[in-house]
Structure formats: C-alpha cells, structure tokens
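The exercises below are meant to be worked through with the sequence and the model side by side.

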Amino acid sequence: MLLLWGRLMWRKTCRKLSGMTFSSRANTLVVRQRRVRPQGGVVLRYSSRPAPGTFHRECDMQLFGPRGEIVSPVMSSDGRNVGGCRIFIDVAPWARIAIHALTTNMGTGTDASYILIRDIHSLKTMTFRGQQSLYWESEGSQAEMEFSQGFLETHARLRGQYWTLHSGAQEPRSGLP
C-alpha cells in the first residue's frame with residue numbers, strides 16, 4: 001500500500017504504480033509506504049514546476065528548521081489578505097512541533113477573531129480566542145497556523161516560538177525555550 005498526501009488532498013493506492021502520474025497542488029507531498037515483504041519497495045521520481053494557479057494567499061508564510069520565531073502577519077493597507085493568513089511550519093520528518101506564543105489586542109466579544117492551529121499529520125485542529133499565552137504540540141512534523149480575517153482586522157498580534165520535540169515525548173509546559 002502506498003499513501004500520498006499533501007495540504008489539499010490524499011490518495012491511497014494498492015495497485016501497480018508503474019507509469020502512474022500523481023500531481024499535488026501544494027509545495028509539499030508526503031509519501032508513506034507499508035511493505036509486506038522485505039524485498040518489496042517503490043522507486044519514485046519527482047519533478048516540480050510553478051503552479052498554474054494561485055493556491056496561497058499573498059500573506060502566507062512558510063517556516064523551516066528545528067526552531068524559529070513566529071510573528072503574526074499584519075493586515076495589508078489595501079485589505080488584499082481577505083480570508084485570513086496562514087503560517088506553515090515544517091520540521092524534520094521524525095520530529096514533532098511545539099509552539100508557545102502570546103496573543104495580544106484580540107478585542108472583546110467577537111467570534112471572528114481567532115487563531116487555528118492544525119496538525120497536518122492527524123488533521124486535529126485547535127482554536128484559540130482572546131488574549132492568552134498558548135501552548136500546542138503536534139503529532140507530526142507539519143503544522144499550519146491560520147489567522148482569521150477578524151484577527152487581522154482588529155490588529156491583533158501573536159509573537160512566539162516553535163521548536164522540535166522528539167517523537168513521542170511530552171515536553172514540560174514551562175516558559176519559552
């Protein structure tokens with residue numbers, strides 16, 4: 001069995017793959033294979049090219065590496081980031097992600113101002129509303145943070161850090177690393 005998944009799709013196949021072409025709409029594609037026999041396996045060839053359409057927003061950002069700083073995007077003066085903005089975080093495939101951040105100026109009484117953090121591996125999503133210190137851990141090596149249109153319009157801010165965790169380890173919930 002071969003499982004291919006990316007940000008906007010997934011496909012499982014159990015048939016012969018010879019000559020099969022698979023296209024992803026995103027800039028990442030995860031391939032997972034389950035082998036029944038030790039001599040089995042799949043050889044994959046890939047290529048990349050610019051996407052014909054736009055599948056990202058102008059304010060989207062992508063962060064790579066074992067640790068880094070997270071700063072929320074700001075609303076463009078012409079309002080072109082309609083629909084919110086996203087930050088994609090990718091770490092080594094064997095690691096998990098921890099995020100610790102502080103949200104400020106979130107406003108009051110509005111359900112439209114929020115931050116979603118999604119684990120791309122499990123697709124579990126947590127929503128954070130209001131001014132707070134937040135801590136989150138992934139199950140996999142990829143995460144997506146989505147800042148709602150309301151978050152951007154209220155000029156709310158998020159500042160924090162992300163770092164890698166060894167797979168399966170629960171980290172203490174202390175201050176920023």
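**Exercise 1: the pairing of strand E7**

E7 and E10 pair in the antiparallel sense over six bridges, where two strands count as paired if DSSP finds at least two bridges between them. The model is predicted, so local features need pLDDT of at least 70 and side-chain atom pairs count only at pLDDT 80 or more, whereas totals for chains, interfaces and linings use all residues. Residues are numbered from 1 along each chain as its sequence is written, and side-chain values use heavy atoms, with hydrogens and water left out.

Solution. Begin with the element names: helices (H or I, at least four residues) and strands (E, at least two) are DSSP runs, numbered from the N terminus. On the E10 side, the bridge partner of His100 is Tyr135.

**Exercise 2: the largest nonpolar core**

Task: determine how many residues the largest nonpolar core has, and which element supplies the largest share.

Solution. A nonpolar core is a set of buried Ala, Val, Leu, Ile, Met, Phe, Trp, Tyr and Cys residues joined through side-chain atoms within 4.5 Å. The largest one has 24 residues, and those with the most contacts inside it are Ile70, Ile89, Ile99, Ile117, Met145, Leu158 and Tyr162. At least two residues of this core come from each of strand E6 (85–90), E7, E8, strand E10 (132–137), strand E11 (142–147), helix H1 (149–153) and strand E12 (157–166). The largest share, four residues, is that of E7.

**Exercise 3: salt bridges between separate parts of the chain**

Task: state how many salt bridges a search of the whole structure finds, then locate the partners of Asp60, Glu69 and Glu144.

Solution. The search finds five salt bridges, each being a side-chain nitrogen of Lys or Arg within 4 Å of a carboxyl oxygen of Asp or Glu.

1. The side chain of Asp60 meets that of Arg86 at 2.4 Å, N to O. Asp60 lies in the loop between strand E3 (30–33) and strand E4 (61–64) and Arg86 in strand E6, so the pair ties together parts that are 26 residues apart in sequence. Both Asp60 and Arg86 are buried.
2. The side chain of Glu69 meets that of Arg159 at 2.0 Å, N to O. This pair links distant parts of the chain, with Glu69 in strand E5 (residues 67–71) and Arg159 in strand E12, 90 residues apart. Glu69 counts as partly exposed because its relative accessibility is 49%.
3. The side chain of Glu144 meets that of Arg118 at 3.2 Å, N to O. Here Glu144 is in strand E11 and Arg118 in strand E8, 26 residues apart. Glu144 counts as buried because its relative accessibility is 1%.

**Exercise 4: the surroundings of Arg118**

Task: identify which residue is joined to Arg118 by a polar contact of 3.3 Å between side chains.

Solution. That residue is Thr125. Taking contact to mean heavy atoms within 4.5 Å, and not counting residues up to four places away in sequence, Arg118 touches Leu123, Lys124, Thr125, Trp136, Gln142, Ala143, Glu144 and Glu146.

Terms used: Buried means under 20% relative accessible area, exposed over 50%, partly exposed in between (1.4 Å probe, protein chains only). A polar contact is a pair of N or O atoms within 3.5 Å; within protein, one must be able to donate a hydrogen and the other to accept it, and residues adjacent in sequence count only if both atoms are side-chain atoms.
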